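Let's walk through this one from the inside out. Have a look at the fold, and then we'll go through its packing and its surface.

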Amino acid sequence: MLPKDPVILLSFVNTKLRDEYPNLAELCASLEVDETAVQETLAALDYRYNPERNQFI
């Protein structure tokens with residue numbers, strides 16, 4: 001289950017991407033969450049997924 005708070009979600013996702021997953025698609029598949037929903041939630045904070053850095057910036 002992902003954190004509901006967008007700021008905590010950002011920290012959680014970036015930590016998972018840094019430590020455990022090679023990309024956002026694999027993280028979302030593993031956690032069985034909708035990739036688009038994660039991107040939209042973090043876009044509301046003006047963060048976008050950067051595949052080269054494998055993090056939201």
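Are Tyr-49 and Phe-56 buried or exposed? Both Tyr-49 and Phe-56 are buried, where buried means under 20% relative accessible area, exposed over 50% and partly exposed in between (1.4 Å probe, protein chains only). Keep in mind that this is a predicted model, where local features need pLDDT of at least 70, side-chain atom pairs count only at pLDDT 80 or more, and totals for chains, interfaces and linings use all residues. Residues are numbered from 1 along each chain as its sequence is written, and side-chain values use heavy atoms, leaving out hydrogens and water.

The structure holds one aromatic pair (ring centres within 6.5 Å; planes under 30 degrees apart are stacked, over 60 edge-to-face, the rest tilted). The rings of Tyr-49 and Phe-56 have centres 5.5 Å apart and planes at 55°, so this pair is tilted.

Take Val-38: leaving aside residues up to four places away in sequence, Val-38 touches Leu-2, Val-13, Cys-28, Val-33 and Phe-56, with contact meaning heavy atoms within 4.5 Å.

Now for the outside. Val-7 is found in helix α1, and Val-7 counts as exposed because its relative accessibility is 53%.

Definitions and conventions. Rings of Phe, Tyr and Trp (its six-membered ring) pair if their centres lie within 6.5 Å; planes under 30 degrees apart count as stacked, over 60 as edge-to-face and the rest as tilted. Helices (H or I, at least four residues) and strands (E, at least two) are DSSP runs, numbered from the N terminus.
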